[in-house]
Amino acid sequence: MFFIYQFTISLVALISPFIIFFRILKNKEHPKRFKEKFCFFFKKRKKGKLVWFHGASVGEILSIIPLVEQLEKNEKIKQILITSNTLSSSNIITNLRLTKTIHQFFPIDTIYHTKKFLRFWNPTIAIFIDSEIWPNMIINIKKKKIPLILLNARITKKSFLRWTKFISFAKKLFQNFDICLASNLKSKKYLKTFGVKKIKFIGNLKFSQREKDENYINSHTVKSLLSRRLWCASSTHKTEEKYCGITHKKLKLKYKDLLTIIIPRHINRIPSILNEMEKLNLKVKMDSSKTKIDKNTDIYLVDSYGVTKSFFRICKTVFLGGSMIEHGGQNPIEAVKYNCKVIHGPNIWNFEEIYKLLAKYGSTKKVNKLSELIINVDKSLKNKNKSQKVNLQINSLGNKILHLTLKELNFFLTKNEIQKTKFLGL
């Protein structure tokens, strides 16, 4: 299996210049920094300890920011390197006020590129986030005897079943991790199957993620939205917008000033959503149009990425999509951190343990069908104020998870330092 992977990744490396060229045209790659993926480095490696984090994209990078902020205070750490695969995630690091932290794009996972990357950066410790598994990089990290951690490890049932088809290959890779800090108990169970020697369940690091008080909606639009009775449907998928449209029609009979905000998971579906709303005879206002929201507007359709939090700030009722269909749901932590009441469908297996915990706090509600969605949106609309209680509980939990995670990382950093001292005979 490993031979097949190496052969495949080598082919990808050969055609990658063409792939990257088209991604640049679509503004998905940096026109200069894409060279970092081929191990052309634009930043210098400072002398001393370097802590390296790698996450796939925005979600993973945001989850470690509080951790990075704490590590920056450690005088023994001279540099923190964060790598990721996407342009959007690199922009996050650029916009933060971090003094020791730099961002580079993760290299293509060939033997040549991974060895060159490790020679140049020579990290003191390597920390992969969530479910980032890159075989050549992992194997070469261990050859250099660099401590390797899988942080906030999350293995879904789908990915677990995929890995079990190549169980010997999976064991060969996962056993390279010195420790896996599982984000949930199900992942802990799966990691044991892969033969990981040391696993700890501390909790999901995303609970410690701090939401910035940023608003990407202009003040005039905010004022217009707040003058209406609002609810929001976020990360919706096919058929779920129709449920939201029907819910709006039913409740509009009761609340004349009702406005429904729909934020689809994929904005390329906007034309089909508009068609669906037209069939329901609902008047739609597009977020990008920047025109006035008049009293006859039924649906405020968000057709741009990266603004979801701004709508969570002003809504108290949020339906999270991907849950009425067999998709597995979306992570509710972000919405709850803005004190929103989260309504979701029955299909939430990707974040089952998080939903169970939040249900105990009374901040989420499961609905199984359209009629239940209408009833629960109605109940939530009756309550005028957001509750701060759940937010305080989550922040307390987040601080505990952050503290325990930091303790584990410091153990490996100190252990590495002791081993180095013994080697030098000091």
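**The residues with positive phi and the sheet**

Modeller: Cys39 is placed in the loop between helix H1 (2–25) and strand E1 (49–54); helices (H or I, at least four residues) and strands (E, at least two) are DSSP runs, numbered from the N terminus. This is a predicted model, in which local features need pLDDT of at least 70 and side-chain atom pairs count only at pLDDT 80 or more, whereas totals for chains, interfaces and linings use all residues. Residues are numbered from 1 along each chain as its sequence is written, and side-chain values use heavy atoms, with hydrogens and water left out.

Although Cys39 is not glycine, its phi is positive, near 65°. Cys39 is buried, with a relative accessible area of 2%; buried means under 20%, exposed over 50%, and partly exposed in between (1.4 Å probe, protein chains only). Ser235 likewise has a positive phi, near 55°, and is buried at 12% relative accessibility. Most residues other than glycine have a negative phi.

Ser235 belongs to strand E8 (residues 229–236), and E8 is part of an open sheet of 7 strands with parallel pairing, in the order E10-E11-E9-E8-E12-E13-E14. Strands E10 (284–286) and E14 (364–366) are the edge strands, each pairing on one side only; two strands pair if DSSP finds at least two bridges between them. From one strand to the next, the twist averages 25°; such angles run from 0 to 180 degrees between N-to-C directions, with axes as lines fitted to C-alpha atoms, for helices over the stretch in contact (heavy atoms within 4.5 Å). Strand E9 (residues 258–264) pairs with strand E11 (residues 299–301) in the parallel sense over 3 bridges, and Ile261 has Tyr300 in E11 as its bridge partner.
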